[in-house]
Amino acid sequence: MNKLSARKFTVWRFALYVVLFVFAIYYLLPLYVMLANSFKPLSEIRQGDMMALPQVWTLDPWRSAWSTAQIGVQATGLKPYFYNSISMVVPAVLLSTLLGALNGYVLTKWRFRGDGVVFGLILLSCFIPFQIVLIPMAKMLGVLGLAGTTTGLVLVHLVYGLGFTTLFFRNYYAAFPTELVRAAQIDGARFFRIFWRILLPSSGPIIVVTVIWQFTNIWNDFLFGASFADADSVPMTVALNNLVSSSTGVKEYNVHFAGAVLAALPTLIVYVVSGRYFVRGLMAGAVKG
Amino acid sequence: MKDWFQAWLPRLVLGPGFLLILFFVYGFIIYTGYLSVSDSKMLPSYGFVGLDNYERLWQLRHWTGSLKNLAIFGALYIVICSVLGLFLAIMLDQKIRAEGLLRPIYLYPMALSFIVTGTAWKWFLDPGIGLEHTMHQWGWESFEFNWIKSRTHAIYTVVIAAVWQSSGFVMAMFLAGLRGVDPDIIRAAEIDGASRVRIYRRIIIPLMRPVFLSAFVVLAHLAIKSYDLVVALTGGGPGKATELPATFMYSYTFSRNLMGIGASSAIIMLIMIFSIIVPYLYAELRADPRR
Amino acid sequence: MKTTTIAASVALVLGLSTVTAAQAEDVEVLHWWTAGGEAAALDVLKQDLETQGVGWQDMPVAGGGGEAAMTTLRARVTAGNAPTAVQMLGFDITDWANEGVLGNLNSVAAEENWDEVVPTALQAFAKHDGNWISAPVNVHSTNWVWINKAALDEAGGKVPTTWEELVTVLDAMKANGITPLAHGGQPWQDATIFDAVVLSMGNDFYQKSMIDLDMDALSGDEMTEVFNRMEKLRSYVDENFSGRDWNLASSMVIEGSAGMQMMGDWAKGEFVKAEQTPGEDYLCIRFPGTQGSVTFNSDQFAMFGQDDGDSDAQLKMASSIMNPVFQSAFNVVKGSAPARTDVPNDAFDDCGKKAMSDLAEANTANSLFGSMAHGHAAPAAIKNAVYDVVTQHFNGELSSEEAAGELANSIEAVL
């Protein structure tokens, strides 16, 4: 009897692993296409078998994408644009996370009349299609004197990221015991001190979720980068698009794929390294109603 | 004086961010609303033309077609992502040894931009060079997979790629939800002799209700905003078979220099989004007694 | 100068921005020649300007054959931060000129006698109200057919000069078991073939239907015949054509799995890259029935008026663009013909030489027409209306009669 159920058990486990690995293949396929072709010389791609492994392995496409490919008139590869993206992404992520945390704190622990409406309006702002804000935003950046600057891009990403960061922190802090806040108040602690000493130290998981979300979205943004940057502030995705979408030039697909993987590396690393905390963070609040 | 400051401090902290949003989101929506009743072509212009743009919009086969496509795409995308996400989360929650390896594999597509993964998908789905070709080479001559070339089926390939991108994220949401279920409830049910399937069907999945709602909101907004995906994968073709409202709006506003019509389609899109989100939000904020 | 210093120090203080405000002698150039050989060719211009003391700030934005760059341009102009020079096509130049934001190049044009050397059909775009507003870089012609020589030899070896002969060759190629026509099913590619087919019905018909937008010509029997021919061509395309990039279609011709491709002269770059020689490995001919006529598109650089008046740098740039040495060097790489008729053809290959002589001939014979598919026959809204109908018909959603009627209707709707 015991033996039978043990066998049934292993068969079931086996099927489970098979299903899970089949799905893993589905998720990995496009990455495989990209990687396999990025190690081929262009002539091999032209022969037309896109799914095959390279017959001749070469690292040239990677070298080219990183440092010698033509991006605009300069043959610089993607290298210099990393700095532009980093100097835009880091302040934008930090500021939007901090503001989101403060908003969530106020909306749950210092409630006032009409806070529900305020939260509703902030949340709805997540759903605005970005194409419609291009022209008025350009006008405003011009008025503020921020047109074409990294500072301007940071502002744009801050504004359109605030809805999500506020949502994440508000849901997280809603589950945080309000009694602790009240007790600290009785002990004479003030607004910022409570935030700094009591809420922030226990916000680790949700900070991870927010940072991942914001980092991915801002790093991958193309529309704002293409519209609001100028020669000195062009971010990575715009450079990548310049590398791959030249309309009437010869398409070096191997270089394109290598470039795409290079451009995605920061986000990929963030996902892989913090994946565990990501689920834990979601668990801790972001998915609760 | 100081007490007054302390009392108002929370609102002062919230204020700047809220004002930014009021201006840069709601101000701009009102502005777009005005453009939609103006004679704007290449650049904004402020001559009032009433509802002309809306009338012309609804006469365009191109627009109604894109709405139909969105209905098919959106429904399939949301349902498949949710079901697949829940399914994978349950599978992964069976104390799987390789979870640390599998989870990032399911999750990573969300980290990539479609500018180039679109090309990879396009090749993979192309019968001449992708999956069908490979199967033929492996000896399965009758294998056929040419949806991306078909006017009636191309929209489903957009669903396949879109599900690929976001189902891992939904999986993570459900996994988090499953991990949050109180183990005592499950243990009690097991003691009562309930089978595994029954425990999931009767106890655990109903507990996932808030996750379903969150996933729905996230997916609905991704579906309506889908743009990069279509541009990279099919460019709206074959013919107009995969045109969506977001691509329509961009095309009319920026490629065709018909900004007025573009703005009116944007307003319709916003109305659609808000009519989905607002009821959810209302219910959510109402059912919130503890705060 | 003072504001520049202030802006720079503000940027330093903020520590976020890496902006360096443009020097008076800089040009910031928005363009979409972002990768590979064409971008390298543009570098020649940059270096030429640098020897004259004009700095070059590069602002490339790729995507959709310039559409993404035009979106960027709109945002930049709205923000009051227009680039100094912008690559533009056809009616976009006219549209921006109508907004009154383009600079004036008359002084350098008069000095260098542009009126004499630039083909008249190009001047229609480069001049607005009698003033020079942009400097043309090249002339692409779009009514080319690229044929694999070996495949043609097998199919009888006779270069087709009429529609009927073309059909004969295509049939022979089909019988030989290759894809006769390599094509990518994207609206602009469908429309590129459409251009050539319309032109093959005669110069007058092209003028009447595509440029004058005459409703009778657009919906008449001749247009139905055009769509019939499109349907015929459709039957020579393999079943996986839809969505294919044009260069993958070129590869099919290079590899010999397809017989020919109908595409503008940028396709030559693919053949050159694959180390093929015109006349030996491949042939370049005009679309049968369009010999002596050319449909073109021309990349031009328009100059935007600036507050701080650095028009000196703009004039220098315009002059450098029109320099015959640059025109030759750039167009050899790009595959196009120079935008002036007096450039020596020594550096060009056989197809390039043919392109230049065809262009000169068409210019004198008044058979040089703007390409509808590439925004040189009608404004963007009409071009896209044509795309819609041509693509729907090519994908079998409309019959030829319906397509002709629909073409007239949808153009009328956006007029």
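Let's start at one residue pair. C:Val29 stands opposite C:Asp58 in β2(C). Keep in mind that this is a predicted model. Strand β1 of chain C, residues 26–31, and strand β2 of chain C, residues 55–60, are joined by six bridges. The two strands run parallel.

How does the chain cross from β1(C) to β2(C)? Through a helix: α2 of chain C, residues 36–51, sits between them along the path. This β-α-β crossover is right-handed.

Stay in chain C for another sheet. This one is open and has four strands. The order is β14-β7-β12-β15, and the pairing is mixed. Which strands stand at the edges? They are β14, at 337–338, and β15, at 368–370. Each has a single partner strand, so one side of each is left without a neighbour in the sheet. For β15(C), look at strand β12 of chain C, residues 294–297: three bridges join the two, and they run parallel. Within that pairing, C:Val294 stands opposite C:Leu368.

Now step back to the domains of chain C. There is domain 1, made of 24–140 + 299–355, and domain 2, made of 141–295 + 373–414. Their C-alpha centres lie 28 Å apart. How many residues are in contact across the two domains? On the domain 1 side, 16; on the domain 2 side, 17. Take the domain 1 side. Three elements of chain C each supply at least two of its residues: α4 (90–98), β7 (138–141) and α18 (350–364). The make-up of the domain 1 side is five nonpolar, six polar and five charged residues.

Next, chain B. What does its secondary structure come to? The count is 13 helices and zero strands. Read along the sequence, the pattern is α after α.

Of its 291 residues, 48% count as buried. Then take the contacts between residues at least 6 apart in sequence: 68% of these join residues at least 24 apart.

That's the tour. Questions, please.

Terms used
Residues numbered from 1 in each chain as written. Chains lettered and ligands numbered in written order. Predicted model: local features only at pLDDT ≥ 70, side-chain atom pairs only at ≥ 80, totals over all residues. Domains from an automatic or database assignment. Contact = placed C-beta atoms within 7 Å. Nonpolar A, V, L, I, M, F, W, Y, C, P; charged D, E, K, R; others polar. Pairing = 2+ DSSP bridges. Right-handed = clockwise from strand over helix to strand, strands pointing away. Buried ≥ 20, exposed ≤ 12 C-beta atoms within 10 Å, placed from the backbone.
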